[in-house]
Amino acid sequence: MRIIDLHCYPGTKEWIACQGPYVEALAKYWKRDWSGKTEDEVIREFTEAGVDACLVALDLETTIATKPVTNEDVHAMWKRHPERIIQCWGAFEPAKGEKTVFPQIRKAIEELGFIGFHFHPIMQHFAVDDQRYYPMFELINELGAAVMVDVGTTGMGAGMPGGHGAIIRHAHPSSIDRLAADFPDLKIVMAHPGWPWVEETTAVALHKGNVYWEMSG
């Protein structure tokens, strides 16, 4: 049986660094070390587990002012290890505006060959059904790409004063419900179980034919 990790973070030192102040809080929340590895160590772990990986980029530059793990970064890692990495999800921060993100969207799909884009509504401080950002979803849909959106709460910012400014409600499944209704041709993957709104997440998955659900922990 082939095992594919659809939602796979690079796990490198650069990946950890781009999460800035969230790293220490997340280690406490998960009660384990949250430290980066070398690229060779990451690939060795994939190989030993027999897992093919779809890497995920991350951009939190406007919210916590860290250097992103860019689309180009994960693409380069993919091309260096095509025997173990089989695809990538791009990332960008919607708050950067259309002049910045539209070229990134086109490049990721048309030049880098990505499957689509990953969004982390809590960490990126937006909800996917915010109509200010609908033009970017229109372009993604036009290009035939998919989106993967984290649903439910997160360890990122947990225990920090004010959650470091993040709003948990941004990741409510009702946002997916509206986005799917407004973009019926857009393929949407809900990431994670959706806790504490698991029943509502289930309802969206059952009701919207263009919505899929991956339940990584």
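**Contacts and overall build**

I started with the contacts between residues at least 6 apart in sequence: 76% of them join residues at least 24 apart. I keep in mind that this is a predicted model. I then looked up the secondary structure and found ten helices and seven strands in the protein chain.

Next I checked the radius of gyration. A compact globule of 217 residues would have one near 17 Å, and the protein chain has 16 Å, so the two agree. Along the principal axes, the C-alpha atoms fill a box of roughly 40 × 40 × 40 Å. For burial, I noted that 50% of the 217 residues count as buried. The exposed surface comes to about 10500 Å², with 54% of it supplied by carbon and sulfur atoms.

**Helix H5**

Which residues of H5 are buried? In this helix, residues 71-80, I list Asn71, Val74, His75, Met77 and Trp78. They cover an arc of only 160° around the axis, which puts them on the same side of H5.

**Aromatic pairs**

I counted nine aromatic pairs. One I looked at is Phe92 with Phe119: the ring centres are 5.4 Å apart and the planes stand at 90°, so I file the pair as edge-to-face. Phe92 sits in the loop between E3 and H6 and Phe119 in strand E4 (residues 116-119), so the pair ties together parts 27 residues apart in sequence. Phe92 is buried, at a relative accessible area of 0%. Phe119 is buried as well, with 0% relative accessibility.

I moved on to Phe137 and Phe183. Their ring centres lie 6.3 Å apart with the planes at 50°, so this pair is tilted. The link is again between distant parts of the chain, 46 residues apart: Phe137 belongs to helix H8 (residues 134-142), and Phe183 to the loop between helix H9 (173-182) and strand E6 (188-191). Both Phe137 and Phe183 are buried.

- Trp195 and Pro196 are joined by a cis peptide bond, with omega about 10°. I place Pro196 in the loop between E6 and helix H10 (198-207).
- Ala65 is not a glycine, yet has a positive phi of about 60°. I find Ala65 in the loop between helix H4 (61-64) and H5. Is Ala65 buried or exposed? Its relative accessible area is 66%, and exposed means over 50%, so I mark Ala65 as exposed.
- His164 also has a positive phi, near 60°. I locate His164 in the loop between strand E5 (146-150) and H9. At 32% relative accessibility, His164 goes down as partly exposed.

Terms used: Residues are numbered from 1 along each chain as its sequence is written. This is a predicted model: local features need pLDDT of at least 70, side-chain atom pairs count only at pLDDT 80 or more; totals for chains, interfaces and linings use all residues. Side-chain values use heavy atoms; hydrogens and water are left out. Buried means under 20% relative accessible area, exposed over 50%, partly exposed in between (1.4 Å probe, protein chains only). Helices (H or I, at least four residues) and strands (E, at least two) are DSSP runs, numbered from the N terminus. The arc is that of the directions from the helix axis to the C-beta atoms. Rings of Phe, Tyr and Trp (its six-membered ring) pair if their centres lie within 6.5 Å; planes under 30 degrees apart count as stacked, over 60 as edge-to-face and the rest as tilted. The radius of gyration is taken over C-alpha atoms; the globule rule is 2.2 Å times the number of residues to the power 0.38. Contact means heavy atoms within 4.5 Å. Accessible areas come from the Shrake-Rupley method with a 1.4 Å probe; for residues, only the protein chains shown count as cover.
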